[in-house]
Amino acid sequence: MMKTVTLSVNMKRIIFYSVVLCLSTLSMWGQVGGGKICRTGVAYEISKSSHWGMGKPVVTSIMPYSPAEKSGLHLYDIIEEIDGIPVSELSGEEIGIMMNPAERSNIVLTVKSTASPVRQVSIFKECKPSNSISEAQLAMAFNMYSLETTSIREFTCPFKITVTNDDIDFSNFKTFAFAPVDENNRELEKDINRIIEQELEGKGFEKKDGEADMLIQTFYYFDKNTKYVGPSPVKLKVPVYRYNTVRGKMEKLPFLDLSSSESEAPYLLQFGFRIIDQKVEKGRVLWECESNDMLEEAYRLEEYAQVHVPLMIQQFPYVKSKSNVVFRVTQSSYNYTGINYNMDKLSSVVSVDRNSPAYDAGIRARDVIEGIEGQSTDYSIDEFTSAYRQFITNTMKYRNPETKFTDGNGFRSCMYWDTFKYPEVSKAIQNPNNLTAFAYLYYFTPYVNPTSNNTITFYVKQGYDRKKIVLRPTIRTSTIIEIK
């Protein structure tokens, strides 16, 4: 599994641990040697599921904009062969070496998924100097400039997943149909089925009228709680957030924290669906996911399905967690120029991605970025760290307490900027004493740059020459939803 690191306001620790993370997950993300770190951008685990890829590597995470993503690899693909060698003939250590061989620039994987029986993908490794830090990493290190666009958050759903004990391969099931709807709730069930259909088709399954491999059956319940006695007089209410895949953001929902007792809930809701075998042994339940939530107020079942079906179905056909499932959502939107900085001296350029805005503008390795948008970069890591910490402390008064949340690494004082105080935020970011040169990563936001003109001026030293280079970056946006 990919290890996580503790994010704090201490940027030096963030940068340090980002390097440790790379070094500690070589078999999944990168291979170090010759002063370079090479990555494929794929993490995997050896499956212990008799229903999906038993004993073989299963893809569990794909880094955004990585070689693996560009190759067309998909989440939960089963890796059958590496460079033509069946994985059944390899040990776990050999698989790790072959997934990122030191002597080759690419690997060819033979994989299968729900969408296709067998296909080949070729992954070309991306190699950078081992002392480099990318803009994606810096965006997360400096994410307190823009928690609205870049953060790591976790939430728990009260799911209970049941899988058949029979030794049966889910890859043999390709088509699905729905059980007849309840005429008393026809529109509701049609709405729910539409969401399930969309998610299954996104995984490569095909809806088939009439006889199909699988039958989908939904069940649900919502009503007032007859055992309700009132909220706890001593326990602090904990806001509940969950990720809405349709709206692409975390949302505060009127649910009680899972540690609450049922007597504290005015309403109770149950929702779930099961996948029934229609191909091998008719009527056998292959997979089922049930959710039971306690609510503070009435809530539409259609809305509940919209939020939760995509999260539920993420674990079909490969189950990672069977109860009280913890999701980790990493969202990031930042300005990409293609510059990779020296993590020991952030003003130094160690490499520039080819065909990037910075490369096209003529910025190269060994150049020195002396300033960005009028802000000097000629400071040590300790100086940047101290100024960043002070900036966060001094600008807490500009944040909206109603948006407060704990991020995925335990920092409890995360809050979005108060929309009425954007001018004060922008002024603080423009203050040279705050050393906010790397706020350019969020220059497209109104609280960093109220002009809405997302062009950035770099002051670059190339040898003995000094140049003013104006870049129009690309905004890179990604969301990763993982199950812990």
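Trainee: Is H6 mostly covered or mostly open?
Mentor: Mostly covered: 10 of the 12 residues in H6 are buried. Keep in mind that this is a predicted model.

Trainee: Which residues of H6 are buried?
Mentor: They are Leu301, Glu303, Tyr304, Ala305, Val307, His308, Val309, Pro310, Leu311 and Met312.

Trainee: Which helix does H6 pack with, and at what angle?
Mentor: Helix H5, which spans residues 186-202, packs with H6, residues 301-312, at an angle of about 15°. The two axes are 10 Å apart.

Trainee: What does that angle make the pair, roughly parallel or roughly antiparallel?
Mentor: Roughly parallel, because angles under 35 degrees count that way.

Trainee: And is the crossing left-handed or right-handed?
Mentor: The crossing of H5 and H6 is right-handed.

Trainee: Nice. Which residues meet there?
Mentor: From H5 you have Leu188, Asp191, Ile192, Ile195, Ile196 and Glu199. They meet Leu301, Glu302, Ala305, Gln306, Val309 and Pro310 of H6.

Trainee: How do the residues of that contact divide into nonpolar, polar and charged?
Mentor: Eight are nonpolar, one is polar and three are charged.

Trainee: New topic: how many disulfides does the structure hold?
Mentor: It holds one disulfide. Cys38 is joined to Cys127, with 2.0 Å from S to S.

Trainee: What is the handedness of that link?
Mentor: The link of Cys38 and Cys127 is right-handed, with 110° about the S-S bond.

Trainee: Where do the two cysteines sit in the chain?
Mentor: In distant parts of it, 89 residues apart. Cys38 is in strand E2 (residues 36-39), and Cys127 is in strand E9 (residues 126-129).

Trainee: Are Cys157 and Cys289 buried or exposed?
Mentor: Cys157 is buried, with a relative accessible area of 0%. Cys289 is buried too, also at 0%.

Trainee: Let's switch to the backbone. Which residues does a cis peptide bond join?
Mentor: Phe316 and Pro317, with omega about 15°. Look for Pro317 in the loop between H6 and strand E19 (323-336).

Trainee: Why point that one out?
Mentor: Because most peptide bonds are trans. Likewise, most residues other than glycine have a negative phi.

Trainee: So what is phi for Glu373?
Mentor: Phi of Glu373 is near 50°, a positive value in a residue other than glycine. Glu373 lies in the loop between strand E22 (368-372) and strand E23 (375-376). It is partly exposed, with a relative accessible area of 30%.

Trainee: And what is phi for Ser452?
Mentor: Near 65°, and again Ser452 is a residue other than glycine with a positive value. You'll find Ser452 in the loop between helix H9 (422-430) and strand E24 (456-462).

Trainee: Is Ser452 buried or exposed?
Mentor: Ser452 is exposed, with a relative accessible area of 64%.

Methods. Residues are numbered from 1 along each chain as its sequence is written. This is a predicted model: local features need pLDDT of at least 70, side-chain atom pairs count only at pLDDT 80 or more; totals for chains, interfaces and linings use all residues. Side-chain values use heavy atoms; hydrogens and water are left out. Axes are lines fitted to C-alpha atoms, for helices over the stretch in contact, and angles run from 0 to 180 degrees between N-to-C directions. Helices (H or I, at least four residues) and strands (E, at least two) are DSSP runs, numbered from the N terminus. Angles under 35 degrees count as roughly parallel, over 145 as roughly antiparallel, 65 to 115 as roughly perpendicular and the rest as oblique. A crossing is left-handed if the near helix is turned anticlockwise from the far one by less than a right angle, and right-handed if clockwise. Contact means heavy atoms within 4.5 Å. Ala, Val, Leu, Ile, Met, Phe, Trp, Tyr, Cys and Pro count as nonpolar, Asp, Glu, Lys and Arg as charged, and the others, Gly among them, as polar. A disulfide is a pair of cysteine sulfur atoms within 2.5 Å. Buried means under 20% relative accessible area, exposed over 50%, partly exposed in between (1.4 Å probe, protein chains only).
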